[in-house]
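Work through the exercises below with the sequence and the coordinates open, and try each task before reading its solution.

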Amino acid sequence: MQGVCLEFGNPIEDAISAIRFAPRSNNLLISSWDSLRLYDVDSCVLRLEAHSDAALLDCCYQNDAVAFSAASDGFIRRYDLHSGIIDTIGKHDDIATCLRYSDETSQVLSAGLDKKIMSLDMRIGTTPAFWRNLDAEVESMSISDFDLMVATGASVNIYDLRNLDRSIQSSSQMDVQIKCVSSIPSSRGYVVGSIDGRVAVEISNSSNPNNTRYTFRCHPKSKDGRYHLVSVNDIVINPLNRGAFVTGDNEGYVIAWDAQSKRRLFELPRYPNKVASLSYNHEGQLLAVASSYTYKDAAEKEEPPQIFVHRIDDILQRSVSVGSSSRK
């Protein structure tokens, strides 16, 4: 159940920040503190490696041929994945930390430590179409249709991409900092993970007046009755089963959950390092896991970063019983 570990001729030598499967293929985009890579999972071939002097802190696709990165020098860069050509399309006043692309509006949305959201319309060039000033640094962003979910502090604010002047909804189920947010497709819903190991689910749908909203802890209490305060670093929704999502945490655990029944579906064996990022492929059959240090804690194990790819059908056939745990 450890999956296939991707092999690189030149191993990834610095922290992995994000991994993203392509919209229509099994090409995996990998941003790290030293480069942007494109790996063909089907052929086990590295298609592109673009070195960077600045640390790349996030990445995303526009389509299978074009990608973007957000860097510690504040720049947002575009990559032609076929020719290898790189150009700069925008810049924050401080470190750029988050990056997303909207198919609905052709916008690149980025956020940084300058407490701003920058919107770039790819249909009209690289001039910033809009700057949104915030009162706090953005920890995570996610997009579903025309909704942009922005996690700041202990709250999630939802903006309409067609009018970013003000948020259309604000919610907080946490009393501590939110680490990640992942939108649930085709609904104004999302799942968030916190720095203390809790997950909050909120699903609102215009066709269903009964909204779903609850919070739970990924980790059970230890023998002394205390909770494990372990940061949930990433959450991904299965594109084929939108009621199922996967969490990855600071202790190297990856767990799949059923949002409706509130049950654990399966848990993978512990990884050698933190789970820095997760990604499902477009068919929901492959799950990629980045095991890497993150430079966000003082006492980190600097084990070599690795990326594992799991086939979901194989996991389900051999999964642990619902509600069980492999922790000792």
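**Exercise 1. Describe the surroundings of R37, beginning with the residues that R37 touches beyond four places away in sequence.**

Solution. The model is a predicted one, and the contacts of R37, leaving aside residues up to four places away in sequence, are with F8, N10, P11, I12, L28, L29, I30, S32, L46, L48 and E49. Another, E49, is joined to R37 by a polar contact of 3.1 Å between the side chains.

**Exercise 2. Is R37 buried or exposed?**

Solution. The relative accessible area of R37 is 2%. Buried means under 20%, and therefore R37 counts as buried.

**Exercise 3. Find the aromatic cluster and the charges that sit over rings.**

Solution. Begin with the rings themselves: the structure contains seven aromatic pairs, and ring pairs connect W33, Y293 and Y295 into a cluster. Then turn to the lysines, where K91 lies over the face of F75 at 5.2 Å from the ring centre, while the charged end of K262 sits over the ring of Y214, 4.5 Å from its centre.

**Exercise 4. Decide where the model calls for caution in reading.**

Solution. The mean pLDDT of the protein is 89, with 88% of its residues at 70 or more. Over residues 320-328, however, the pLDDT is below 50, although this stretch has 20 contacts in the model beyond near neighbours in sequence. Where pLDDT is low, predicted coordinates should not be read in detail.

Conventions:
Residues numbered from 1 in each chain as written. Predicted model: local features only at pLDDT ≥ 70, side-chain atom pairs only at ≥ 80, totals over all residues. Heavy atoms only, no water. Buried < 20%, exposed > 50% of the residue type's maximum accessible area, 1.4 Å probe, protein only. Contact = heavy atoms within 4.5 Å. Polar contact = N/O pair within 3.5 Å; in protein donor to acceptor, adjacent residues only side chain to side chain. pLDDT = per-residue confidence, 0-100. Phe/Tyr/Trp six-rings, centres within 6.5 Å; stacked < 30°, edge-to-face > 60°. Lys NZ or Arg CZ within 6 Å of the ring centre and 35° of its normal.
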